[in-house]
Structures are given as C-alpha cells and as structure tokens.
Amino acid sequence: MNYNNLYNFKNPVKHFLNIDGMIFPSDIETFDTTKLCWTVPINFRVRKEKDKPRVLKMPNILSFVRAYHYYKTLPNFEDIQSMDYSHKRLSANIETGDFVAGEFDRQLEEDFEKLCIYDHLMKLDIKEYYGRIYTHNLTLDGLQDNVLSGINNRCTNGILMGNYLSLYFAESMLNEISKSVKENLNDENIECEYMYFSDDFYFFCNESDDQKIVVCFDKALEKYGLERSESKTETWTYETYNSHNLLVRYWKKIMKYNNIDLLKDYENEKKNKKIGIDKKIFHKLAFINQLIYRMSNISDEKLKKIFINNFFKTKYFRELNLNDYKIRDYDYHQLCFLFKVCPEALIYSTDKFSEMSSFSREKVHDFFNISYSKAVKEHFNDEQLYYYYALKQFGFEDTIANKESLVAKSDNQILISYYLKENLFSNESLLYLKEKTNEEYWFENYHLILYCDELYGDLENSIKKYLIPKWAKNKNKEESYMNFYKDNLVARNDIINNIPGVKHKIQEYLDLRFEETEFEFDE
C-alpha cells in the first residue's frame, strides 16, 4: 500500500515524505483503536492564491494509518467517482496520488458543448467546506467517527485537509449534497445540468433560472449546516470561458514552434549552402520565451501557474535532451521569471537544467539565494521545499547552509528535518528547537531525536518528552506510541526522503501520469 499518496493526496509534498518506509505494528489492520488516543496534526502551509495560505494538516502517522484501515471497507472507498459518476468532474487515482490525468481536458470540451446549449455556466462555491464538515453527519455504515476525529485532536466540527481519507469523506458528503440539489432543481422544474469538483459546483443553465438555482443550492447546503461563499460566485458565457481557457491551445503552439519552425530555420540555412552548419545551434530553448509570451495573454494568476507548471510536467519537456540545446544569456532571466511566478515548476525542471552541460549555475545563483531567503521568511512551506530541492539540484550548498537560522524559525517541520539530517544547525538553533516540546512539533522532533546524539542516547525519555501524544494518559495508549516511535528510531528510519529519493518519486509519479494520457493539464 502506498501510504505516501494517502497521507498527502495531490500535493507535491508527498514526494518529500517516506511514510512507506516506516515500521507499523504487524496487526495494524486490526489494531485495537482503544489503544490509540486523540493526536495533534502538524500544519503545512501552501500558497492558495497571492498571499493567502491554505493550511494542510498532517496527522500522527500511526493514528492515520490505523484510521485508513478502519475505514477502507466503506463503499466506493478507492473509487470515489462511482459515488455520483454523472456529476463528478474529476476522479481520484490512488496509484498516482492525484486526479486522473487528461480528465480536465476532456471535461473542458464537454463544458463548451454545454455552453452551446445553455446561456452560461454559473460556478458556486461552498464556504470553508472542509472546516465545516460535522463528523457526526457522515454516513459510516456502523463505524464510529471517533477514529476520524481522533487524528484531528478530537475535533468533530471540521476534517483535516490534505489526505485521501478526508477527501473520501468530503466527497461522500458532496454526494449527499448533490442528491439534495437535484431534488430541489426537480421540484422547481429547472432545466439545467450540473457537476462538481470538490466544493465547486458548476451549473450550466439559462439566465432566467440563475436566482432559482442559487436558492436551490442554498437550501441543499442548509440541510448540512453549510453555506455558500457569496464572494466566489462566477458566471461564464461561451465567449468569456473560451478566452479564459487558452492553456491547451497555447501549449500546442509552443510545441509546434519548437518542433517545426526551428527545423525550418535549419532547412533554410541548408538551402543557403551553409552545409557545414551544426544543426544543434538551432536547438534553442525557445519554449522559455514562448511560455512568457503566451502567459502574457492569460489574466488569471492561477491559470498562469497551471500553464507554466504543466508545461514542465509534460512528457514532451521531460524527454527533451537539453544537452542538444543552446542556451542564451536572456534565457536565464526568463527562466528565473517563470520560476518566480510558479515555484512548483522547480521540482519538475531543475533536475533537467542541472544536467545540461552548457548551463551556467553562476548566472542563477543570486536568484536562488535571494528567492530562497524570501521564501523562508514568507512562511509558505511548499515553496520553501521547492526552492530547497532546486538548490540541491544545482549544488548551491552555501545558500542552504547560510539560511539555517531562518529555517529554524520557519515552522516548516519538513524543511527543518532536512537541516537536522544534514547537521546544518548551529548550537544556538538547536537549543531553540529543543525548547519546542509541544505535541504539534512531533514531526521535526522525531528527526531532532534521530540526529541529536544526546537525545538519541536517552531514547525512551526523549520519546516521552517530545513524541508521546498528550492524550495518551494510560499505559496501553502510551505503549502504542512508544513502541511505534522506538521501533522506527532504532531502525534509523527517516520520515523524509533523501533528495535523490525525491527526484525518483517525482519521476515515478510523472511516468504513471504519462501512462494515463499523452497530454494533460491539471485543474
């Protein structure tokens, strides 16, 4: 079982973790849940839009894996698309830890077909959906909800964001909401078609029914103690939706330019009798300039990031032999600009550029030095990891080491764990980290014990001080977590992948997506 993909579904942070390498009790599938307790998840902030963060919460590993096995027999657990096939826009793939590649492209075509039938597309959003799901309202087929609330420090109002278990329960409730929406629309005799992706509902309808549909949607949400986000209502016509969704066409034009137009340049030179000309000089990194040119026509910031990120995730780019390409001075600052707009693209591209023999690391050193420092100060944990990965690919160890004091105070427990692994913290920073004994720091504290000889030498007391959940108040509960942590610390198991392992996981993920489709753009 790929616990990494379950523990962090879709978010690229899963490539940095090694949950699969942990030792679990041999009876984990039937482990007595009364021997576990309420546990505190760690926070991991990702950039949602501009300066707004989305907080993913990563649960205690032992409690999460037991919860997965506890609930995995529920209907459609590994096939959430089957819950409401005709209304779900995208389906999950546990093997890739992502939504199925190519479905966005297919769905987009269907959207345009529907926009020819109806006046417009109205998009409605559920306000703070994950944070308002009441666990007692979930349909659990006789199972208890306390195992689910237990991984979220006993919270019954709201579920964690980021893992597959929460996705399943969120989709289960959306299925019930969808049924209520359908009933309300039928009662009002409204002609429309609707679909949903996560907490976004897409209604293809006629303008005269807009307000009626809003009322039907609101009534369905009220039944579950939810409400609509009024600030996120969007309305699209065929024309405006077409202008908004230019990504696929732009990508194809970039590919055409690189594969056809550059070849024409070479043939023209050949006709001019420059027979000895090296064909490689026409293999220029023209796609960089083309990406910037095309993205200038995209007004939506989210779509700009999708456009850049997905280009570097394509099979086309990943299979380019960059040693056959010539790099020019302005390619460097253009490439840095793309990374600045979309830092996630770093983990799908910097390994390729770092292996390019003509690539000058000196020309991008200052960019990465300043950008990493800024990222660590801004507290978006995902971008901090992306820059760290890129720095390792380019061998900028000086930049990594120089930021140790900033990293220590960053609250990025995964990044802090990498610095602990590499023994990069000063004594002052280590003293600061050792003072953080609260349970919410269990992830970094696990690695603090693992890589601090003083703490590792007094293993059981260190585990009690830094890792045992505060609600493990009897012997059975304490022993469950003590044995789990002790087994893994004695085996010297990291919860993080080494950087070559991260690179391998990313390529493995991309290869699986390439098998799903030759062409993909994520929503």
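Me: Before anything else, what counts as a pocket here?
Reply: A pocket is an open set of grid points with protein on both sides within 12 Å along at least five of seven lines. Please note that this model is predicted.

Me: How much space lies in the second largest pocket?
Reply: The second largest pocket holds about 380 Å³ of space.

Me: Which residues lie nearest its centre?
Reply: Of the 18 residues that line the second largest pocket, Arg47, Lys340, Lys374, Glu378 and Glu383 lie nearest the centre.

Me: And how does the lining split by class?
Reply: The lining comprises 9 charged, 8 nonpolar and 1 polar residues.

Me: Which helix gives the most to that lining?
Reply: Helix α15 does, with 6 residues. Helices α11, α13 and α16, like α15, each supply at least two residues.

Me: Changing topic: which residues touch the most other members of the largest nonpolar core?
Reply: Ile177, Phe312, Phe353, Phe368 and Ile414 do, within a core of 170 residues. Helix α6, covering residues 164–187, gives the most to this core, with 11 residues.

Me: What is isoleucine 414 in contact with, leaving aside its neighbours within four places in sequence?
Reply: On that basis, its contacts are Val13, Phe16, Leu17, Phe44, Met58, Leu385, Phe443 and Ile496.

Me: Now histidine 87. Where does it lie?
Reply: Histidine 87 is in the loop that runs between α2 and β3.

Me: Is histidine 87 buried or exposed, and why?
Reply: Histidine 87 counts as buried because its relative accessibility is 11%, and buried means under 20%. Leaving aside neighbours within four places in sequence, histidine 87 is in contact with Ser178, Lys182, Tyr194, Met195 and Tyr196.

Notes
Residues numbered from 1 in each chain as written. Predicted model: local features only at pLDDT ≥ 70, side-chain atom pairs only at ≥ 80, totals over all residues. Heavy atoms only, no water. Core = buried A, V, L, I, M, F, W, Y, C linked by side-chain atoms within 4.5 Å. Buried < 20%, exposed > 50% of the residue type's maximum accessible area, 1.4 Å probe, protein only. Helix = DSSP H or I, 4+ residues; strand = E, 2+ residues; numbered from the N terminus. Contact = heavy atoms within 4.5 Å. 1 Å grid on protein atoms, 1.4 Å probe; cavity = no way out; pocket = protein on both sides within 12 Å on 5 of 7 lines; lining within 4 Å. Points joined across faces, edges and corners; volume = space filled by probe spheres on them. Nonpolar A, V, L, I, M, F, W, Y, C, P; charged D, E, K, R; others polar.
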